[in-house]
Amino acid sequence: MKAILETRDLKKYYGNGALQVKALDGVDLRIEEGEFIAVVGTSGSGKSTLLHMLGGLDYATSGTVTVAGRKIFELNENDLTIFRRRQIGFVFQNYNLVPILSVQENILLPLELDGRRADRAFLKKIVRTLGLEDRLLDLPGQLSGGQQQRVAIARALVTKPAIILADEPTGNLDSKTTQEVLGLLKLTGEQFHQTIVMITHNEALAQLCDRVIHMEDGRIVNDRNRAGDGEVRA
């Protein structure tokens with residue numbers, strides 16, 4: 001299988017000397033197209049820092065992140081912004097929807113910012129899959145938390161990115177809606193051949209993913225597929 005994302009000896013250090021914090025301390029990771037991966041760990045384990053590195057939201061101290069064949073830290077700030085908008089979809093815990101824009105406008109926002117037209121057939125398929133057909137003219141404030149997260153997922157998918165990064169996407173949802181949103185993430189991943197990396201503190205949710213990566217002290221300490229039949233090597 002083709003690697004859609006890869007890191008080599010990825011490090012992110014803060015401070016110096018005795019006060020230095022090694023948020024990431026030499027992470028090697030290979031993610032193939034179509035995988036649905038959960039990254040778990042306690043607070044301070046480095047999982048959120050890893051997500052920020054994978055998404056080009058912050059720069060590494062050293063090491064490389066390659067997404068869809070591009071070493072993203074070699075891009076200048078403007079080119080990285082464009083690459084991120086086109087190739088990386090984000091789903092955040094707090095949805096990050098624009099309150100004055102309708103559901104449809106929120107979904108299409110990444111394309112509007114990039115000056116691109118929507119693939120209407122693809123948009124219709126996403127909206128239908130996520131059950132948003134009747135909510136396109138609503139404002140985010142008129143939606144439940146689960147519905148808002150569906151909009152965020154649709155927005156992440158609409159640019160046909162190389163990878164989707166989900167940061168605690170069910171953190172603000174009740175248990176029933178959490179299961180629903182995770183099911184929709186899995187469904188959209190399979191239906192649209194999408195690669196998803198999800199940060200979560202919920203071990204039970206993580207076990208529903210294809211592969212679970214455990215982090216401690218800025219390092220990957222366990223990387224196993226769902227069947228539990230061995231470690232996944234980078």
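## The largest pocket

The largest pocket in this predicted model has a volume of about 340 Å³. Its lining is made up of 14 residues, and those closest to the centre of the pocket are R85, F90, P110, L113 and R155. By class, the lining consists of eight nonpolar, three polar and three charged residues.

Several elements contribute to this lining: helix α2 (77-87), strand β6 (88-92), helix α3 (103-113) and helix α5 (145-157) each supply at least two residues. Strand β6 gives the largest share, with four residues.

## Helix α3 and what follows it

Within α3, the residues V103, N106, I107, L108, P110 and L111 are buried. The buried residues of this helix pack against α2, α4 (120-129) and α5.

## Aromatic rings

The structure holds three aromatic pairs, and two of them are described here. The rings of Y59 and F73 have their centres 5.9 Å apart, and because their planes meet at 45 degrees, the pair counts as tilted. This pair links distant parts of the chain, with Y59 in the loop between α1 (47-54) and β4 (62-67) and F73, 14 residues apart from it, in the loop between β5 (70-71) and α2. Y59 has a relative accessibility of 37%, so Y59 counts as partly exposed.

Another pair, formed by F90 and F92, is stacked, with 5.7 Å from centre to centre and 5 degrees between the planes. F90 is buried, because its relative accessible area of 15% is under the 20% limit, whereas F92, at 24% relative accessibility, counts as partly exposed. A ring also takes part in an arrangement with a charge: the charged end of K160 sits over the ring of F122, at 4.9 Å from the centre of that ring.

## The loop between β6 and α3

Two residues of this loop can be looked at in turn, namely Q93 and S102. Q93 is partly exposed, with a relative accessible area of 28%. Leaving aside neighbours within four places in sequence, Q93 is in contact with Q149, D167, E168, P169, G171 and N172. One of these contacts, G171, lies 78 residues from Q93 along the chain, yet the C-alpha atoms of the two residues are separated by 5.7 Å.

S102, in contrast, counts as buried, at 11% relative accessibility. When neighbours within four places in sequence are left aside, the contacts of S102 are L136, L137, D138 and L139.

## S48 in helix α1

S48 is found in helix α1, and at 31% relative accessibility this residue counts as partly exposed. Not counting residues up to four places away in sequence, S48 touches D167 and I199. The C-alpha atoms of S48 and R135, which are 87 residues apart along the chain, are separated by 32 Å.

Terms used: Residues are numbered from 1 along each chain as its sequence is written. This is a predicted model: local features need pLDDT of at least 70, side-chain atom pairs count only at pLDDT 80 or more; totals for chains, interfaces and linings use all residues. Side-chain values use heavy atoms; hydrogens and water are left out. On a 1 Å grid over the protein atoms alone, a cavity is a set of points where a 1.4 Å probe fits but cannot get out, and a pocket is an open set with protein on both sides within 12 Å along at least five of seven lines; lining residues have an atom within 4 Å of a point. Grid points are joined across faces, edges and corners, and a volume is the space filled by probe spheres set on the points. Ala, Val, Leu, Ile, Met, Phe, Trp, Tyr, Cys and Pro count as nonpolar, Asp, Glu, Lys and Arg as charged, and the others, Gly among them, as polar. Buried means under 20% relative accessible area, exposed over 50%, partly exposed in between (1.4 Å probe, protein chains only). Contact means heavy atoms within 4.5 Å. Rings of Phe, Tyr and Trp (its six-membered ring) pair if their centres lie within 6.5 Å; planes under 30 degrees apart count as stacked, over 60 as edge-to-face and the rest as tilted. A charge sits over a ring if NZ of Lys or CZ of Arg is within 6 Å of the ring centre and within 35 degrees of the ring normal.
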